[in-house]
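Visitor: I am new to this structure and would like to be walked through it with care. Could we look at it together before I ask anything?

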Amino acid sequence: MLSGLLIVLLPLVLGYLVRIRSPYLLNLINRAVSGSVYAILLLMGVSLAGLENLASQLSRLGGNALLLFSITTACNLVALWWLSRRVALKAGSSPVVKGAPTSKLAAMAGSLLLVAMVAAGVVLGLLFSSWIGAPLFATAEQLAEWVLYLLLVLIGCQLRNSGMPLKQILLNRLGLAIALTLAASSLLAGLVAAPLLSLSWNEGLAMASGFGWYSLSAILIGDQLGPLMGGVAFFNDLTRELLAFVLIPLVIHRHTALAIGYGGATSMDFTLPVIQQHGGVACVPVAVVSGFILSLLSPPLILFFLSLSG
């Protein structure tokens, strides 16, 4: 039952064991991660094109993603609001951060590009399916699986060489509290949503374990539960990030922990410039630790819950 979990976790662990000191190599790894994500999402789009009754399936995908997102957001906001009233962290003021997005649309550009990759995959799948047929979709799924293994190795390298010592993470109790609150409330949402999505309890937990890491959750879920559920996981976690860009500036001065925590795993990268720009430098280490812990938790939790099926 756990063999699938071990097979997919092995590349992640192997990557984590590799220590890299060269900035040039680290830059290459970061580029390779981005390229792998784009490739897998393109292939996921091709697989979606192979679904029967595509229009109705895409409608179902959107409905399920909206349902899961609504339940998860409600649970997250209530839990993080409760936490923000009990911690001393308060956002300050800071100058505009160098390289930070100058508008919400600019901040969302990377996320929208990922949506475009999935859409491009669907279009390519529809265009070539009449010529190649079923082998096209089987090949796309096989290629996505191999690129996934490569991506997990690269992500392991990224986490190991992120410059975040384990001692520093464990000593930042605010970041740890925010991460655990976000994770627990998301898992509760997964349990609530599971029967509404016609999923087993463990599949619902897996769907809720992306914590905003949409590229990875879509890949892992899609590999085990099919492209439709992979799409639901992708849009659920992607919409979290898009809402975070809007929510952070509005609430960070009144409910700092809520603003940092809602971004989930993206608090250490994509939403970090927005957090720093509107919340000040005091929020940065807390956001990085919270996002880092959620990034560490997400892959093994998704794979563990999925391994409980059959």
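What follows is a conversation about a predicted model.

Visitor: At roughly what angle do the axes of H7 and H13 cross?
Guide: Helix H7 covers residues 173-196, and its axis comes within 8 Å of that of H13. The crossing of these two helices is right-handed. As for the angle at which the axes cross, it is roughly 35 degrees.

Visitor: How many nonpolar residues does the contact of H7 with H13 have?
Guide: On the side of H7 the contact is made by residues including Leu-174, Gly-175 and Leu-187, while H13 brings, among others, Val-286, Ser-290 and Phe-305. By class, no charged residues and two polar ones take part in this contact, and the number of nonpolar residues is 12.

Visitor: Is Ser-298 buried or exposed?
Guide: Ser-298 lies in helix H13, and, leaving aside neighbours within four places in sequence, this residue is in contact with Ser-209, Gly-210, Phe-211 and Trp-213. Its relative accessible area is 0%, and buried means under 20%, so Ser-298 is buried.

Visitor: Which residue has its backbone oxygen 2.8 Å from a polar atom of the side chain of Ser-298?
Guide: Two serines can be considered here, and one of them, Ser-217, is 81 residues from Ser-298 along the chain, with 8.0 Å between their C-alpha atoms. The other is in contact with Ser-298, and the backbone oxygen lying 2.8 Å from a polar atom of the Ser-298 side chain belongs to Ser-209.

Visitor: Why does Asn-64 count as buried?
Guide: Asn-64 has its place in helix H3, which spans residues 54-84, and, not counting residues up to four places away in sequence, it touches Leu-197, Met-229 and Val-232. The limit for buried is a relative accessible area under 20%, and Asn-64 counts as buried because its relative accessibility is 12%.

Methods: Residues numbered from 1 in each chain as written. Predicted model: local features only at pLDDT ≥ 70, side-chain atom pairs only at ≥ 80, totals over all residues. Heavy atoms only, no water. Helix = DSSP H or I, 4+ residues; strand = E, 2+ residues; numbered from the N terminus. Buried < 20%, exposed > 50% of the residue type's maximum accessible area, 1.4 Å probe, protein only. Contact = heavy atoms within 4.5 Å. Axes fitted to C-alpha atoms, helices over the stretch in contact; angles between N-to-C directions. Left-handed = near helix turned anticlockwise from the far one by under 90°. Nonpolar A, V, L, I, M, F, W, Y, C, P; charged D, E, K, R; others polar. Polar contact = N/O pair within 3.5 Å; in protein donor to acceptor, adjacent residues only side chain to side chain.
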